[in-house]
Amino acid sequence: MHIALTGRGVAAATSVAALAVTALATVAPAAAPHTLAVPAAVGHTLVHGVSDPLSSAQCQAKWHINCYGPLQYRTAYDLNPLYRKGITGKGRTIVIVDSYGSPTVQHDLDVYSKQYGLPSTKVKVVKWGHVPAFDPKNSDMTGWAGETTLDVEMAHAVAPAAKIVLVETAVSETEGTTGLPEMMSAEKYLIDHGVGDVISQSFGATENTFPGFDKGNFSSIKNLRYAFQDANRKHVTVLAASGDGGATDLQTDGKTYYKKRVNSWPSSDPLVTSIGGTQLHLNDKGQRVKPDSVYNDYGSGGGGQSHVFTRPSFQNGVKKVVGTRRGTPDISMAAAVNGGAWIYSSYDPTAVGWDVTGGTSEATPLFAGIVALADQAAGHRVGNIQQALYRLAAHARANGIVDVNDGTDNSYQGVTGYRAVNGYDLATGVGTVDALRFVPALAKASRHG
């Protein structure tokens, strides 16, 4: 076992089985931009390779951080009463998109589930393109494998009966590709073939790094939106992590942060629900000892104004905050490393065991689970939730939206961020959720049969 900040990585049933066969013949309809798609949270694993998960009290004594398991999350987000009513995500499918994937994802999910007394589920893997053989010595691959593990286990923790489809894309930086066109073409293919009710994306690239951005030409981003436009038509919910750089984010080299406020795509896309990060303060039973604050420790929840997209109509009610631009995030879930999630992995033979991980890459699949619950409660896909989300926020407490307003902020890397204040803000969006109220409210607010 070791404790360290790791380096940042680079960038339904029978129908799913057929996808891998046909995927190779599918090409992206847009040219690849020369920018870097990276997982939103790789680099935010603080505890690595522990033989057994510890309690929060033990983590405090040993590493001076809080650490949480899924049973605590279930209490914190008021999920248990939904489960008792049979709302578990049954009959719904969460699609998770990650480069390379993990060769041990099913085994690791089984171990994770057994540890916490959860029913496991079969992870359907779709290989999109010529996915190279996994190399545990390749830091890009292990970074994405960690991301994959986090995504799958967090989605399952919230929606234990939902099906999970993992799309592994063949990203290879040495060949000059970035992965975004492959990711988008994979998503469109699945949407067109009726696979998936909600898509969880834990990756992003700073808007400024896309070709043409400096000249005000945003076509390299807008040409990649076809999957989201397709999802909007087919009533598939699309989520994306807001990033872990606070009000700034990474430059083209993938290591250096901009010294100014920037935003990242796909989180900034108005067709995508942007998921920000909070810090939970829980006891070992999962009860709050104080209200949630903004995620800001070994990373910080992404948020701010898009420089590509203008304010969408669903944000007209918060125009005093977002101005004339699209503002992110829309809503937030647990993401802090101090208060991180226990996950189990075995893809790296030198560090098999339990890790404590955080980031908006954690928050996004957690919220994907929430959407799957709402899909089941509604009896149909809730689809693009943006209009519904901001309508619900107008009567937040009654609809299970919990304001995060403790005054903490997402300043990071010397760039001043935004404070969590009453109502919508650019640190946590409309806030976070009390699932017992939010799930039925979202189900009722959706209009698609």
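I began with lysine 234, which counts as partly exposed at 34% relative accessibility. For my own reference, buried means under 20% relative accessible area, exposed over 50%, and partly exposed in between (1.4 Å probe, protein chains only).

A note on what I am looking at: this is a predicted model, where local features need pLDDT of at least 70 and side-chain atom pairs count only at pLDDT 80 or more, while totals for chains, interfaces and linings use all residues. Residues are numbered from 1 along each chain as its sequence is written, and side-chain values use heavy atoms, with hydrogens and water left out.

**Entry 1: partners of lysine 234**

I looked up salt bridges next (a side-chain nitrogen of Lys or Arg within 4 Å of a carboxyl oxygen of Asp or Glu). Lysine 234 meets aspartate 192 in one of these, at 3.2 Å from N to O. This pair links distant parts of the chain, 42 residues apart: lysine 234 sits in helix α9 (residues 226–234) and aspartate 192 in helix α7. I take helices as DSSP runs (H or I, at least four residues), numbered from the N terminus.

Lysine 234 also forms a salt bridge with aspartate 230, at 3.7 Å from N to O. Those two are four residues apart in helix α9, so about one helical turn separates them. Is aspartate 230 buried or exposed? I found aspartate 230 buried, at 3% relative accessibility.

Which lysine forms a salt bridge with aspartate 192 at 2.7 Å? That one is lysine 188, going by the closest N and O atoms. Both residues lie in helix α7 (residues 180–192), four residues apart, or about one turn of the helix. Aspartate 192 is partly exposed at 35% relative accessibility, and lysine 188 is partly exposed too, at 26%.

Putting the pieces together, I get a network of salt bridges linking Lys188, Asp192, Asp230, Arg233 and Lys234. My search of the whole structure gave 10 salt bridges.

**Entry 2: helix α6**

I then turned to helix α6 (residues 139–158), which has 20 residues. From first C-alpha to last, α6 reaches 29 Å, close to the 28 Å expected at 1.5 Å a residue; the expected span is 1.5 Å times one less than the number of residues. I noted that 19 of the 20 residues of α6 are buried, so this helix is largely enclosed by the rest of the structure.
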